[in-house]
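Subject: Structure for your review

Dear colleague,

Please find below the structure that I am handing over to you. My notes on it follow directly after, and I would be grateful if you could read them alongside the coordinates.

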Amino acid sequence: MSGFLASLDPRRVQWGAAWYAMHSRILRTKPVESMLEGTGATTAHGTKLAQVLTTVDLISLGVGSCVGTGMYVVSGLVAKEMAGPGVIVSFIIAAVASILSGVCYAEFGVRVPKTTGSAYTYSYVTVGEFVAFFIGWNLILEYLIGTAAGASALSSMFDSLANHTISHWMVDSVGTLNGLGKGEESYPDLLALVIAVVVTIIVALGVKNSVGFNNVLNVLNLAVWVFIMIAGLFFINGKYWAEGQFLPHGWSGVLQGAATCFYAFIGFDIIATTGEEAKNPNTSIPYAITASLVICLTAYVSVSMILTLMVPYYAIDTESPLMEMFVAHGFYAAKFIVAIGSVAGLTVSLLGSLFPMPRVIYAMAGDGLLFRENVTRCQPDCNFDMSAVELVTYPGKEFEWKELRP
């Protein structure tokens with residue numbers, strides 16, 4: 001016991017070496033040169049991701065990850081609760097902020113084409129290892145929560161289309177639990193679990209299959225969007241924008257709505273996570289980020305215009321605004337057509353939340369920040385104290401050990 005206490009004596013600690021080791025590890029950055037060289041060779045895992053994605057594929061991924069919740073949920077919520085028809089201006093303000101953020105992603109994508117980790121990789125290259133570790137885990141948490149929310153939204157959509165028979169059956173057959181976030185008592189959402197597992201299997205089938213599935217859903221979503229635009233023109237009424245109703249809550253409501261609308265544009269970073277799998281990342285990433293944001297803005301503004309011209313802002317249904325706006329005019333068949341688009345949009349948004357997660361984990365694991373790799377290769381003369389050495393790797397070369405000195 002006395003020996004252990006003696007080892008804790010501050011006078012026996014080599015503070016200079018300890019501070020240098022901690023400082024160098026926390027603030028060390030990843031050399032850009034090593035990443036540029038690694039794009040044509042194997043990665044830290046000893047493998048190389050297939051470069052199969054075109055610019056169109058990246059745009060489809062970006063649009064799919066954003067447009068689902070923004071078009072079918074956020075537009076109605078902001079219009080009724082915050083901005084009224086001024087939700088159009090809210091989307092434009094949020095789009096400007098998103099485009100500025102997207103330009104930053106695009107610049108990093110050009111400078112660092114091997115961007116499997118997205119913001120994690122950018123922070124590792126520019127700021128340091130500690131910040132990269134923190135951002136990497138935050139990205140994993142973000143994608144995990146987004147996946148859970150998307151699966152829950154899809155489950156609620158199916159339950160609504162089934163006239164709530166699913167939830168009633170779950171309550172009667174499985175029971176209820178406390179503290180699930182849906183009220184004091186709620187049923188365990190097993191359907192959301194099944195949906196998340198199915199989408200996980202689709203992602204596990206490979207990037208080409210995942211992107212193909214994403215493209216099919218986006219085409220379906222595009223067809224429904226065109227239907228909404230054409231069918232809605234027969235029911236619009238300009239009086240809902242007249243007599244000061246365009247900004248019922250003033251500019252404060254518009255700005256409050258813009259803060260919520262910004263959430264609808266989050267998801268374009270999925271393009272950055274696939275930078276290593278793009279055929280030409282130097283041009284594909286900037287074009288795809290910009291194009292996806294412009295397409296999403298066009299969809300949000302056009303849908304918000306039709307919505308607020310068909311229904312008074314105070315009568316909008318916040319849970320399913322696009323479906324109920326046709327029901328308000330007696331066009332019941334349109335409800336089911338829009339429901340198909342809602343399911344497709346929410347599914348592709350769920351895919352957009354789950355798709356980048358394994359790539360961020362892959363990048364962090366390759367850098368040794370998620371699970372430490374067991375490396376046994378060493379030079380024959382490495383007879384120094386292993387607690388005072390640091391592993392240094394060079395692309396295409398053997399591992400080397402560098403002694404840490406204050």
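How many aromatic pairs does a search of the whole structure find? The search returns 11 aromatic pairs. Please bear in mind throughout that this is a predicted model.

Two of these pairs are described here. A pair of aromatic rings is described by the distance of the centres and the angle of the planes. Y313 and Y314 pair in an edge-to-face manner, with 5.4 Å from centre to centre and 80° between the planes. Y313 has a relative accessibility of 16% and therefore counts as buried, since the cut-off for that class is under 20%. Y314, by contrast, counts as exposed because its relative accessibility is 53%, where the class requires over 50%.

The other pair is F326 with F331, which is also edge-to-face: the centres are 5.9 Å apart and the planes stand at 85° to each other. F326 has a relative accessible area of 0% and so is buried. F331 has a relative accessible area of 27%, which means that this residue is partly exposed. Both residues belong to one aromatic cluster, formed by F227, F235, F326 and F331.

Overall composition

The chain contains 16 helices and four strands. It has 406 residues, of which 44% are buried. Considering contacts between residues at least 6 apart in sequence, 77% join residues at least 24 apart.

Helix packing: α4 with α11

Helix α4 (residues 55-83) and helix α11 (residues 250-265) have axes that come within 9 Å and cross at roughly 165°. Because angles over 145 degrees count as roughly antiparallel, α4 is roughly antiparallel to α11. The crossing in which α4 passes α11 is right-handed. On the α4 side, the contact is made by C66, T69, G70, V74, V78, M82 and A83. The α11 side contributes G253, V254, Q256, G257, T260, C261, Y263, A264 and F265. By class, the residues of this contact are 10 nonpolar and six polar, with no charged residue.

Helix packing: α7 with α16

Helix α7 (residues 129-161) packs with helix α16 (residues 357-366) at an angle of about 160°, and their axes are 9 Å apart. It follows that α7 and α16 are roughly antiparallel to each other, because the angle is over 145 degrees. Here α7 passes α16 in a left-handed crossing. The α7 residues in the contact are F133, G136, W137, L139, I140, Y143, L144 and T147. Those of α16 are M357, V360, I361 and M364. This contact divides into 10 nonpolar and two polar residues, again with no charged residue.

A note on I99

Which helix holds I99? I99 lies in helix α5, which spans residues 87-111. Is I99 buried, exposed or partly exposed? I99 counts as partly exposed because its relative accessibility is 31%, between the limits of 20% and 50%. The C-alpha atom of I99 is 8.4 Å from that of I289, although 190 residues separate the two along the chain.

With kind regards

Technical notes. Residues numbered from 1 in each chain as written. Predicted model: local features only at pLDDT ≥ 70, side-chain atom pairs only at ≥ 80, totals over all residues. Heavy atoms only, no water. Helix = DSSP H or I, 4+ residues; strand = E, 2+ residues; numbered from the N terminus. Buried < 20%, exposed > 50% of the residue type's maximum accessible area, 1.4 Å probe, protein only. Axes fitted to C-alpha atoms, helices over the stretch in contact; angles between N-to-C directions. Parallel < 35°, antiparallel > 145°, perpendicular 65-115°, else oblique. Left-handed = near helix turned anticlockwise from the far one by under 90°. Contact = heavy atoms within 4.5 Å. Nonpolar A, V, L, I, M, F, W, Y, C, P; charged D, E, K, R; others polar. Phe/Tyr/Trp six-rings, centres within 6.5 Å; stacked < 30°, edge-to-face > 60°.
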